[in-house]
Amino acid sequence: MSEATIRIVLQSLFAAVLILCIQGCGVKYSFTGGSIPQGMKTYTVLYFENISPMVYATLSQNFTEGLKERIRTQSSLSQVNDDGDAIFEGFVTNYTITPAAVEAGGRDRAALNRLSITVKVKYTNKLDATGESNFEESFTQFKEFSGSDVTSQEASLNEDIIKRLTEDIYNRAFANW
């Protein structure tokens, strides 16, 4: 056999082994859908009112829409306004900006600040007669930022934190994490 023929045979063998390894495993991984309960077809996300002492004007609307979008894009569930098989409801309970690191040199000024958002979520799976999959818990995420001027960064900070929060909530409800 020539060297070129041996190289082609080895490449083909390697490709075949790689395909078998990828397809032959008994575990199926999915990056969407999680572990949606069998028979679940619809979901409802009720408006998350901001009851935090500090209020960011669009936070409630942005969070509510962010959670709807997360479920819509990562599952095959259909959104309904009322009485879904899965119901998400709750409140934004905390919105704070606190110093995370103090500036060096004896100044009492924050070099790094932290924006934190906490959301209390009640999840109801109407298909679970035992109620074991239901939960009511708080989720907190934060993002640190430099400087004292939060207003120029607040919208993008909120967007990042909402993405993290909705991921945590989705995973808690559907991926059993």
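I looked up F48 and F63 to start with, and both come out buried. This is a predicted model, so I keep that in mind for every entry here. The two rings form an aromatic pair, with centres 4.9 Å apart and planes at 70°, which makes the pair edge-to-face. F48 sits in the loop between strand 1 and strand 2 (49-50) and F63 in helix 2, so the pair ties together parts 15 residues apart in sequence.

Next I checked Y56 and Y95. Their ring centres are 6.0 Å apart and the planes stand at 15°, so I note this pair as stacked. Y56 is in the loop between strand 2 and helix 2 and Y95 is in strand 4, so the pair links parts of the chain 39 residues apart. Buried or exposed, these two? Y56 is buried, and Y95 is buried too.

How many aromatic pairs does the structure hold? I get eight. I also find one aromatic cluster, made up of F88, Y123, F135, F139, Y170 and F174.

F88 got its own entry. I find F88 in strand 4, and its relative accessibility is 0%, so F88 counts as buried. Leaving out neighbours within four places in sequence, I listed what F88 is in contact with: T44, V45, L46, F48, L67, I71, V121, K122, Y123, I169, A173 and F174.

Then the core. The largest nonpolar core has 31 residues, and the members that touch the most others are I71, F88 and F174. Which elements give two or more residues to this core? I noted strand 1 (42-45), helix 2 (59-74), strand 4 (86-102), strand 5 (110-125), strand 6 (135-146) and helix 3 (154-175). Helix 3 gives the largest share, eight residues.

I took a separate look at helix 2. With 16 residues at 1.5 Å a residue, helix 2 should span 22 Å, and its end C-alpha atoms are 22 Å apart, so the two agree. As buried residues of helix 2 I wrote down L59, S60, F63, T64, G66, L67, K68, R70 and I71. K68 and R70 are on that list, and I marked both for another look.

The relative accessible area of S75 is 13%, and the cut-off for buried is under 20%, so S75 is buried. What do the polar atoms of its side chain lie close to? One lies 2.6 Å from the backbone oxygen of I71, and the backbone nitrogen of L77 is 3.2 Å from a polar atom of the S75 side chain.

Last entry, the whole protein. I count three helices and six strands, and from the N terminus the order reads α-β-β-α-β-β-β-β-α. Of the 177 residues, 32% count as buried. The accessible surface is about 11,000 Å², and carbon and sulfur atoms hold 54% of that. Among contacts with a separation of 6 or more, 69% come from residues 24 or more positions apart.

Notes
Residues are numbered from 1 along each chain as its sequence is written. This is a predicted model: local features need pLDDT of at least 70, side-chain atom pairs count only at pLDDT 80 or more; totals for chains, interfaces and linings use all residues. Side-chain values use heavy atoms; hydrogens and water are left out. Helices (H or I, at least four residues) and strands (E, at least two) are DSSP runs, numbered from the N terminus. Buried means under 20% relative accessible area, exposed over 50%, partly exposed in between (1.4 Å probe, protein chains only). Contact means heavy atoms within 4.5 Å. Accessible areas come from the Shrake-Rupley method with a 1.4 Å probe; for residues, only the protein chains shown count as cover. A nonpolar core is a set of buried Ala, Val, Leu, Ile, Met, Phe, Trp, Tyr and Cys residues joined through side-chain atoms within 4.5 Å. The expected span of a helix is 1.5 Å times one less than its number of residues. A polar contact is a pair of N or O atoms within 3.5 Å; within protein, one must be able to donate a hydrogen and the other to accept it, and residues adjacent in sequence count only if both atoms are side-chain atoms. Rings of Phe, Tyr and Trp (its six-membered ring) pair if their centres lie within 6.5 Å; planes under 30 degrees apart count as stacked, over 60 as edge-to-face and the rest as tilted.
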